[in-house]
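Biologist: Please show me the model, and I will ask what its labels rest on.

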Amino acid sequence: MKDSYDILVVGGGPGGAVAARKAAEAGLSVLLVEKRSAVGVPVRSGESIGKDELLEFIDADQRFISAEINSVSLIEPDGSVSVSTKGIEYILDRKVFDRELIWRAAEAGAEIQVHARASSPIMEGEKVCGAVIEQHGKTYDVRAKIVIAADGVESKFAKWAGIDTTIPQDGIMSCVQYVVNDIDIDERTKQFYISPEDAPGGYIWIFPKGKRCANIGVGIPGTDGYKARSYLDSFIEKKFPNGKITELSAGGVPVCGPLKETAADGLLVVGDAARLSDSVTRRGIYNAMFTGRLAAEVAILAVESGNSSKEFLMAYDKAWREEKISLIPNENTKHLE
Amino acid sequence: MITIRREVCGYCGACVSVCPSGALELIDAYLSVDSRLCKPKCKLCSTVCPLGAILRSEE
């Protein structure tokens, strides 16, 4: 690890990895720190992304695509089913996918450090000038012209730097998901159950992961979040009593809407850290990669012009708000609104 | 104060995102609480936790 870089990326999920790759491809010096000892785990995702959305960033590869989906079923409380068949979606294997994106960033020239945690920002007045990095029991002061906070739903970096990132209790969906094997499912159909009984105020999803296997999860409002796992257990017991649960993951999905501002002096905030996921449209992965790329593009201009002021970096904030991302549903999920 | 049931926690970070005091942090896959910042009467994190891993301990 060096003392200073053009760009420091905090977090090695899809948003951070795409930002690091883009900035490194432009010839900037880039350090990406991931606090965990590996990227991609633990999985905290339904792993769903549109085919076209994926292809904006990486070629489709069977190593990280678990299933190809061509229809979405919505099951209403009265049992009625509506089916939408517009566009292809993929269910990813995030353990492989996230690692692949990190490898691309490394190949582009970004330095990757794992088990390395940004424990506080280095501030000069209001300006973010880098971060204190803790790794293997040692502490490093790393300066950077711009820090990109891609530290996910549990983001602390932007908060430390003065941006209010706290999600209100009714602005988060509490989610639990199992990988369930040996079940009878349509491998090419995503299913959503809207049911006040099975998931009050939320829904249950079944995302196929290939032959006789699916991500099955529940999301309910955070105001009752602690009940999430018991709802999922009841649903599985009812619908798939012989299913074999081979993986558990939990997560919080921000539904509070994006941060009011996603840039500050020396700082850009992307993806879940900017609260840019959305449980209705389920575009957390795409939104993270989209804003990661955009943040890098603005950061490149900022480094070239020697100006990393908030005023300059707000071009990023303005740009994503004007873009097709944000909270506009795609064709497959429009009916869920 | 809160008690984290580490054997129940799924390291998802939902609690961290709702904590208004910044008392919680997910360090690697280990949820830590700063008892100096954690507010006695607040129970946002224990309500939101999808696995029920956070208990409020009555003092």
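Predicted model: local features only at pLDDT ≥ 70, side-chain atom pairs only at ≥ 80, totals over all residues.

Modeller: Residues are numbered from 1 along each chain as its sequence is written, and chains are lettered from A and ligands numbered from 1 in the order in which they are written.

Biologist: How do you know what span to expect for helix 7 of chain A?

Modeller: Helices are DSSP runs (H or I, at least four residues), numbered from the N terminus. The expected span is 1.5 Å times one less than the number of residues. Helix 7 (residues 310-322) has 13 residues and reaches 18 Å from its first C-alpha to its last, close to the 18 Å expected.

Biologist: Which residues of helix 7 of chain A are called buried, and which exposed?

Modeller: Buried means that 20 or more other C-beta atoms, placed from the backbone, lie within 10 Å of the residue's own; exposed means 12 or fewer, and partly exposed is in between. L313(A), Y316(A), D317(A) and W320(A) are buried. On the other side of the helix, E311(A), K318(A), R321(A) and E322(A) are exposed.

Biologist: What makes the buried residues of helix 7 of chain A line one face?

Modeller: The arc is taken from the directions from the helix axis to the C-beta atoms. The buried residues of helix 7 fall within an arc of 95°, so they line one face.

Biologist: What covers the buried residues of helix 7 of chain A?

Modeller: The cover includes helix 6 (284-305) of chain A.

Terms used. Helix = DSSP H or I, 4+ residues; strand = E, 2+ residues; numbered from the N terminus. Contact = placed C-beta atoms within 7 Å.
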